[in-house]
Amino acid sequence: MSAENLDIVQMRKAWLAMGQSLGVQPSQGNDPENLNKRKRPLTVFGANIECSGPSHY
Amino acid sequence: MTLDNAISPRISLTIGLRMQFLWDRIMRFAAFSADSEKLSDIALERQFKAMIEIENATISKICFSYSGSVAEFDDLRQDALINIWRGMQGFRGEASKKTWIYRVTVNSCLSTIRKQSRYQHESLEGLYGLIETDDSNKEAIEKIHRAIGILGAQEKAIIMMWLDELSYEEIATCMGLNRNTVATKIRRIKDKIAKEYKKEERI
């Protein structure tokens, strides 16, 4: 398949569908008051690291 | 009593009153500024929520495309939201909101990935479990995610913007490239994706 044969319409449809289907509600985690409080620990190497805020900033 | 002694208490009183008057004015101004700040915070918060409401899908798609696991997706999305919130005051509206969201979210994703480069990538099945749609759509979404997954970080950002129908000029501005470079890169990326699709068809 060459780039000319790519179904761009289908690709864009899939891209649009990706955003709609991710199931993340806009209200989830977009409250500025809660943004700096990590709701769950960071997962690195499968180990849970408790992190009260984005310390890497 | 000398003349000086007679006048000085009056002068002290005058200076004292003037100082009090000035202090009151400063305090009143400080209180007014604090109120204005509170008001602008509320306005900013409202603006932020409205922006996220509109661009939520875009932010999620970008973070999803840079993710190899559910944990990574959650972290990238949360960090992107933090960075958008922090950057709101500096947003001067010179670029379109979408271009600005792209720039902040892509930079945030790249920065988080660099700092957390030791993510343990599970199989993509876990990540694909987040997709809530019918089977045919799910297959197409997974296919495009895998194809984007083979691209470099900059290529990913470019193709995502192209898929979102941003103009070459907007992509160039966002990526700090010139228009012709963007056009060349898009052609090459499309070639790579076509090859990846072909490979998948063979399997």
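In chain B, residues B:Q154, B:A157, B:I158, B:M161 and B:W162 of helix α6(B) meet B:Y168, B:I171, B:C174 and B:M175 of α7(B); contact means heavy atoms within 4.5 Å. Eight of the residues in this contact are nonpolar, one is polar and none is charged (Ala, Val, Leu, Ile, Met, Phe, Trp, Tyr, Cys and Pro count as nonpolar, Asp, Glu, Lys and Arg as charged, and the others, Gly among them, as polar).

The model is predicted: local features need pLDDT of at least 70, side-chain atom pairs count only at pLDDT 80 or more, and totals for chains, interfaces and linings use all residues. Residues are numbered from 1 along each chain as its sequence is written, chains are lettered from A and ligands numbered from 1 in the order in which they are written, and side-chain values use heavy atoms, with hydrogens and water left out.

The axes of α6(B) and α7(B) (residues 168-175) come within 10 Å and cross at roughly 150 degrees. Axes are lines fitted to C-alpha atoms, for helices over the stretch in contact, and angles run from 0 to 180 degrees between N-to-C directions. The two helices, α6(B) and α7(B), are therefore roughly antiparallel (angles over 145 degrees).

Helix α6(B) spans residues 153-163, and nine of its eleven residues are buried (under 20% relative accessible area, 1.4 Å probe, protein chains only). Among them are B:E155, B:K156 and B:W162. Just after α6(B), B:E165 takes a positive phi of about 60 degrees.

B:T105 lies in helix α3 (residues 97-115) of chain B. Helices are DSSP runs (H or I, at least four residues), numbered from the N terminus. B:T105 counts as buried because its relative accessibility is 0%. Beyond its neighbours within four places in sequence, B:T105 contacts B:I59, B:I62, B:C63, B:A80 and B:I84.

Definitions and conventions:
Buried < 20%, exposed > 50% of the residue type's maximum accessible area, 1.4 Å probe, protein only. Parallel < 35°, antiparallel > 145°, perpendicular 65-115°, else oblique.
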